[in-house]
Number of protein chains: 2
Amino acid sequence: MIRGLIAPILSPFNDDLSFDQNTYNELAKTLLNSGCAGLAPFGTTGEALSISAEERKQALDGLIDSGIDPSVLIPGTGLCNLPESVALSQQAVDLGCEGVMVLPPFYFKSVSDDGLFSYYEEFIARVNRDTLRIYLYHIPQVAGVGLSIELVNALKEKYPSIVVGIKDSSGDWENTKNLLSLDNFIVYPGSELPLIDAMKLGAPGCISATANLNSKPIAEVIDYCEDKNWDKAIALHNSVAQTRMVFQDYAPIPAQKALLSQMTNRESWRNVRPPLIALTKEKTQQLQDALNAIEAG
Amino acid sequence: MIRGLIAPILSPFNDDLSFDQNTYNELAKTLLNSGCAGLAPFGTTGEALSISAEERKQALDGLIDSGIDPSVLIPGTGLCNLPESVALSQQAVDLGCEGVMVLPPFYFKSVSDDGLFSYYEEFIARVNRDTLRIYLYHIPQVAGVGLSIELVNALKEKYPSIVVGIKDSSGDWENTKNLLSLDNFIVYPGSELPLIDAMKLGAPGCISATANLNSKPIAEVIDYCEDKNWDKAIALHNSVAQTRMVFQDYAPIPAQKALLSQMTNRESWRNVRPPLIALTKEKTQQLQDALNAIEAG
C-alpha cells in the first residue's frame, strides 16, 4: 500500500498535441522528490480518456524505462470496453505496478449494480493475474456512473485480495466516511480537503490533483497526521485548503497546466487536448495573483 | 444521402462475449432485405462503446467483405480520444462508407461549445480526407454531453461539405425541429415516433433501434410519407408507435436481443457485454405477449 500523497500526474502534450514523454518523466521525478509517495498516471487530471490506449501503453513503459519505480505507480486503466481495459491492466500488473485504478464503464448511464459487478468480475477473470490489485475509481460527477457502497462492499467481499481499495473523488464526505468504515479496505479521498478527518478514520493519504503543484505542504500535513500531531496538521491544512479552493473558480486541468507552465518556463505545458481549452494568459495571471495573496497571508 | 430507414444494427456476441461476425453479416443482410435503406453500425444500440477499436475495425472490414455495399453504411466512430476516433474514421472513409457518425468526446462533462468545436476541427484536420462526411450524433441522455444547435450550426457553416447531418436521439422534438430548420443539413430523428412530422419538415427517414426487429412497417411508413400519402402513413404509424412504446418498459438493447434470439432461434443473440445484463426469460415472455397483443389489435 502507498502511504502518503499520490499525484494524479498531469499529461504534457507537444504543440501538435502528441504526448511529451520527456516532460512527463521529468514531472514524475520532480513530484516524487517533492513529497509525493506515489503517482496515479492516467486519472481524470491526466486527461486519460483523451489519450489512446496505445499512447497510454507507451507512456507507462516510458515512465518506468526512465527509472521510476513501478511500485509507486497506480495507473488508471478503466475504459468503457473490456478488451482494452484488460490489456492496459495486464501491462501495468506485469510491469510491477502497485495496482490499477479502474473506472466503471461510463458510456451507458443508469446501469444496475449487478451489471457493474458483472463488468468487474469479467475484468478480473480476463486480466487473470494473481498479483492484480484494483483500486476502484469513484468520480460520478465526471464519469456519469458511480459505485455504490453496496457494490464496493460486494466486490471487496468476493475478491478481498484483488479489490483492495478505492479513490473517492465524489467530494461527498458521507460517502468517504462510509467507505472508510469497511474493514481491510484502502480509501484515498480524491482531494486534500477532507484529509485530516479521513486520516483519523484510517485513510493512508490522499490522491489529489493539486499535488501536481502543491505537493510539499500537502505531504507535510499527511506527515503531521501520521504523527498524530493534529494541531500542526490543522494549522498547515488551513492554507493548503485555501490554495485548493482557489482552483475551484477555474477549469482545474487547464489552470494547473497553465501554472506549471509558468513554474517551469515551459510554454507547452499549457497545451490540453480538446474538448478542454487552455487557460487564457489573463485568467492565469488572476489565478497566480490569488495564490500569491494566500502565500502572503 | 441515404433516404429511408437506417438500422443501428445490434452487435452479436458469442458465449465468450467475442464478436460474432457471421451472425452480424447475416443480420445486416436480413435488414437490408427487409426495408432498411442503410445501416449504422456501432451506435449506442450496437453497444459500440463496449467494443474495442480493433474489434470495430475488424467487424467493419468483415461486413464489407461479406458483400455489404459500403455506400449504405454510416458507422459510428466517435470515442473520447482523437487518435482512435480518427483511425476508425479514416478506415470507414477509405472503405467508401456513406459517412461516419461521430459522438462528441463524452468523458469530461460541462465542456464548452468552443471546446467541442475545437475537438471536431482537430478531428477533421486529422482524418484529412476530402470525402469525409460527418453525421453528428446527439444523444445527451446517454453520452452526458450534447451538441447545442449553435454548435451544430457553427460546424456546418465552417465545413458545409463535411458536416452534412446529424442523428438526433435526444427525443426532444423542439430540438429536432430546430435542426430541421437549418439549410442543407440532413437530420435523422433517432426514433420512429416523430417520423411523420420530421419527414414533413424534410427529414429523409430515421435511424431507429427498433429497425432491428420491426423494419418493414417502419419502412412502409416512410414510403407513404415519401408519396405524401399522409392518411395511410398516420394509420400505419399508429401501430408502429405502439410497438416502439412497448420497448420503453424494458432495457432496450437486452430486450431487442432477446426478441431477436427468439425470432432467429439463436440463443447467443441474448448475449450482451457488461454493464448491460441479458433480459430474463420471464421478461422476454412478457415483452413478447405485449407485442402479440398489439399485433392482434
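How many positive and negative side chains does chain A have, and how far apart do the centres of the two sets lie? There are 23 positive and 36 negative side chains in chain A, and the two centres are 1 Å apart. Please keep in mind that this is a predicted model.

Next, the overall dimensions. Chain A has 297 residues, and a compact globule with that number would have a radius of gyration near 19 Å. The value for chain A is 18 Å, so the two agree. The C-alpha trace spans about 50 × 50 × 40 Å along its principal axes.

On burial and surface: 62% of the 297 residues are buried.

The secondary structure consists of twelve helices and seven strands. I will stay with strand 5, residues 163–168. Is this strand enclosed or open to the outside? Six of its six residues are buried, so strand 5 is largely enclosed by the rest of the structure.

Strand 5 also has partners. Strand 4, residues 134–138, runs parallel to strand 5 and is joined to it by five bridges. Strand 6, residues 186–189, is parallel to strand 5 as well, with four bridges between them.

One residue shows both pairings. A:Ile166 in strand 5 stands opposite A:Leu136, and in strand 6 its bridge partner is A:Val187.

Notes
Residues are numbered from 1 along each chain as its sequence is written. Chains are lettered from A and ligands numbered from 1 in the order in which they are written. This is a predicted model: local features need pLDDT of at least 70, side-chain atom pairs count only at pLDDT 80 or more; totals for chains, interfaces and linings use all residues. Side-chain values use heavy atoms; hydrogens and water are left out. Helices (H or I, at least four residues) and strands (E, at least two) are DSSP runs, numbered from the N terminus. The radius of gyration is taken over C-alpha atoms; the globule rule is 2.2 Å times the number of residues to the power 0.38. Buried means under 20% relative accessible area, exposed over 50%, partly exposed in between (1.4 Å probe, protein chains only). Lys and Arg count as positive and Asp and Glu as negative; His and the chain ends are not counted. The place of a charge is taken as NZ of Lys, CZ of Arg, CG of Asp or CD of Glu. Two strands pair if DSSP finds at least two bridges between them.
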